[in-house]
Amino acid sequence: MIQRVSVIDSHTGGEPTRLVIAGGPDLGRGSLAERIAVFREKHDAFRSAVVDEPRGSEVIVGGLLCEPTDPTCAAGVIYFNNVGYLNMCGHGTIGVAVSLAHLGRIGLGTHRLETVVGVVTITLEGPNRVSIENVPSYRLHKDRAVEVPGLGTVRGDVAWGGNWFFLVSDHGEKLELGNVERLIDVTWRIRQALTAQGITGADGKEIDHIELFGPPSSAAAHSRNFVLCPGKAYDRSPCGTGTSAKLACLVADGKLKEGEVWRQESIVGSIFEGSARQVDGRVIPRIRGTAYVNAEATLLLDSNDPFCMGIRP
Ligand code: PYC
């Protein structure tokens, strides 16, 4: 038997998103938080089939387009990756906006998109240019120390930007593409040390994204980052939720005022423009970036194929 799955592939500042537009599992009519639980418990093989090898790679972030529960939303989306599920995804949301426009489902202007952690807005400013207003973001801990085997004491901030991040500025590493193997090793050690030492986000939530900051290579940017994602891939974009977490820290430190623009450069040189407004002690981040659709495809899930549902550990 062959299951056909329609996808739109895009990339946002170099980071890919594969949006499933038809042929995905029926997750019911509950809230997106309920539907992601059904996805995880009953259809995890589908996640792997879409993003893991041999059809995908650890770099791809998947999105499952859903009917929203909120009728004011243009769509709902559940994000996933090579090892599991994401609460929110900034680069993915920019990619979803451009993909929905490509399909003729949205036009220029502002639209609402339902995610597992709340409604975000997407403003299509041009065929490839999008700004998103993300979920409320905040810093939980400033300058938290973690003892990292082989590295010693590393200090960083713990912040929420739709996912949990540990943000490190003082690390002595070169943020260059030629150094990514070392950067993956360093950030993976930090992540494991955080878990081992019980340093978490709110409600004991695991910090599964590690972000290093350094000087930008472009005079147009304020900072460059390297972001390790949960499945040990690094983000080619400046990471929308990671930039949101950074904005929350900058605002908390008085280094960014409402309306000021922060240009965050990624490890591959792509740039997101960020700004923030404050509401009830949190910041509402706005992230602007560009995305391009690079494939319309039908995935074939052939039940005779031994690797039909992806290569999984
Ligand atoms: O842009 O928020 C983001 C993101 C999370 C993981 C990969 N990209």
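The legends below describe close-up views of a predicted model. In this predicted model, local features need pLDDT of at least 70 and side-chain atom pairs count only at pLDDT 80 or more, while totals for chains, interfaces and linings use all residues. Residues are numbered from 1 along each chain as its sequence is written, and side-chain values use heavy atoms, with hydrogens and water left out.

**View A. The nonpolar cores.** A nonpolar core is a set of buried Ala, Val, Leu, Ile, Met, Phe, Trp, Tyr and Cys residues joined through side-chain atoms within 4.5 Å; buried means under 20% relative accessible area, exposed over 50%, and partly exposed in between (1.4 Å probe, protein chains only). The largest such core has 58 residues, and Tyr-79, Phe-166, Ile-190 and Phe-226 have the most contacts inside it. Helix H4 (residues 180–196) gives the largest share of this core, 7 residues. A second, separate core of 21 residues includes Val-7, Ile-78, Tyr-85 and Leu-299. Helices (H or I, at least four residues) and strands (E, at least two) are DSSP runs, numbered from the N terminus.

**View B. The cavity and its lining.** On a 1 Å grid over the protein atoms alone, a cavity is a set of points where a 1.4 Å probe fits but cannot get out, and lining residues have an atom within 4 Å of a point. Grid points are joined across faces, edges and corners, and a volume is the space filled by probe spheres set on the points. The structure holds 1 cavity of 30 Å³ or more, and the volume of the largest cavity is about 160 Å³. Its lining comprises 23 residues, of which Glu-15, Val-61, Leu-86, Cys-229 and Asp-235 are the closest to the centre. Helix H3 (90–102) and helix H5 (240–252) each supply at least two lining residues.

**View C. Strand E16 and its partners.** Two strands pair if DSSP finds at least two bridges between them. Strand E16 (residues 282–302) pairs with strand E1 (residues 2–12) in the antiparallel sense over 11 bridges, and Tyr-292 of E16 is the bridge partner of His-11.

**View D. The loop between H2 and E3.** Asp-52 is found in the loop between helix H2 (44–51) and strand E3 (61–66), and counts as buried because its relative accessibility is 6%. Leaving aside residues up to four places away in sequence, Asp-52 touches Arg-47, Ser-57, Asn-82, Gly-310, Ile-311 and Arg-312, where contact means heavy atoms within 4.5 Å. Pro-54 is found in this loop too, and the peptide bond from Glu-53 to Pro-54 is cis, with omega near 5°. Ile-60, also in the loop, is buried at 11% relative accessibility.

**View E. Residues with positive phi.** Most residues other than glycine have a negative phi. Cys-239, in the loop between strand E13 (223–228) and H5, has a positive phi near 70° and is buried at 5% relative accessibility. Asp-280 takes a positive phi near 50° in the hairpin of E15 and E16, which has 2 residues between the strands. At 77% relative accessibility, Asp-280 counts as exposed.

Definitions and conventions
On a 1 Å grid over the protein atoms alone, a cavity is a set of points where a 1.4 Å probe fits but cannot get out, and a pocket is an open set with protein on both sides within 12 Å along at least five of seven lines; lining residues have an atom within 4 Å of a point.
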